[in-house]
Amino acid sequence: MRIGVVSDIHSNLVALEAVLADMPAVDQLVCAGDVVGYNPWPAACVDTLRERGVPTVMGNHDRMVATGQNFQGNGMAQAGIEHAVEELHDVQRTWIENRPAEQRLADGRVRVIHDHPEFRDKYTYPDEFEPSLLGRGTDDDTPIEDVLILGHTHVQHHETYAAGIVMSPGSVGQPRDEDPRAAYAVVDVDDLSVTEHRVEYDIDAVQAAVSDAGLPARTADRLASGR
């Protein structure tokens with residue numbers, strides 16, 4: 001079973017379309033959260049996943065839209081949330097509100113969460129990847145999952161251990177690993193392998209749309225630097 005993995009789309013429809021066009025044949029697509037926020041097209045990004053029936057977990061930006069909470073001290077993030085609230089209609093908002101904290105695929109062998117297995121909103125960067133993040137059975141020998149998929153950091157990375165794989169596909173819509181290309185990954189559950197992918201997209205067009213939508217200039221600027 002081959003699973004295409006995306007995360008942190010952040011309302012960047014141009015990047016999402018580029019990723020979907022580039023992705024090789026997979027048996028399942030999954031999203032590790034933050035469909036909305038920052039960029040201009042929250043409704044279209046929600047519809048792309050909703051209409052495809054893509055299993056999607058709730059990210060922190062998604063939760064802000066669902067609950068009406070504010071990003072304290074982060075005006076750029078808050079502007080994206082307010083834009084999403086204005087743009088989403090009732091069906092799209094309900095879909096966001098109903099995203100679970102985690103998804104399990106492949107008979108439970110693949111676990112998908114946005115941030116950290118135990119601590120909500122905690123960033124789990126590559127240097128914090130370790131096999132202990134994989135859940136274990138009651139005998140402490142057999143992992144509950146073979147693959148743990150994380151988002152939130154916008155940094156693409158994976159590690160393979162005897163116990164399984166810990167991975168982040170990186171960000172589709174706002175990479176922060178100094179590579180501005182849209183990121184995604186494909187995991188093969190049968191042979192426990194991961195291939196990481198990057199794809200070019202029209203950043204200039206997104207930057208122009210950010211400006212037209214009245215979103216902060218830094219939202220546009222950081223797309224070109226991948227930071």
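Tutor: This is a predicted model. In it, Glu128 forms a salt bridge with Lys122, and their closest N and O atoms are 3.0 Å apart.

Student: How exposed is Glu128?

Tutor: Glu128 is partly exposed, at a relative accessible area of 30%. Lys122 is partly exposed as well, at 29%.

Student: How many salt bridges does the whole structure have?

Tutor: A search of the whole structure finds 14.

Student: And which residue pairs with Arg198?

Tutor: Asp177 does, with the closest N and O atoms 2.9 Å apart. This pair links distant parts of the chain, since Asp177 lies in the loop between strand 7 and strand 8 while Arg198 belongs to strand 9, 21 residues apart.

Student: Is Arg198 buried or exposed?

Tutor: Arg198 has 17% relative accessibility and therefore counts as buried, the cut-off being under 20%. Asp177, at 22%, counts as partly exposed.

Student: What about Arg111 and Glu145?

Tutor: They form a salt bridge with the closest N and O atoms 4.0 Å apart. Arg111 sits in strand 4 and Glu145 in the loop between strand 4 and strand 5, so the pair ties together parts 34 residues apart in sequence. Both residues are buried. Salt bridges with shared partners also join Glu102, Arg104, Arg111 and Glu145 into one network.

Student: Changing topic: how do strand 3 and strand 4 run?

Tutor: They run antiparallel, joined by 4 bridges, and Arg111 is the bridge partner of Arg104. The two strands form a hairpin with 4 residues between them, and Ala106 in the turn has a positive phi of about 55°.

Notes: Residues are numbered from 1 along each chain as its sequence is written. This is a predicted model: local features need pLDDT of at least 70, side-chain atom pairs count only at pLDDT 80 or more; totals for chains, interfaces and linings use all residues. Side-chain values use heavy atoms; hydrogens and water are left out. Two strands pair if DSSP finds at least two bridges between them. A salt bridge is a side-chain nitrogen of Lys or Arg within 4 Å of a carboxyl oxygen of Asp or Glu. Buried means under 20% relative accessible area, exposed over 50%, partly exposed in between (1.4 Å probe, protein chains only).
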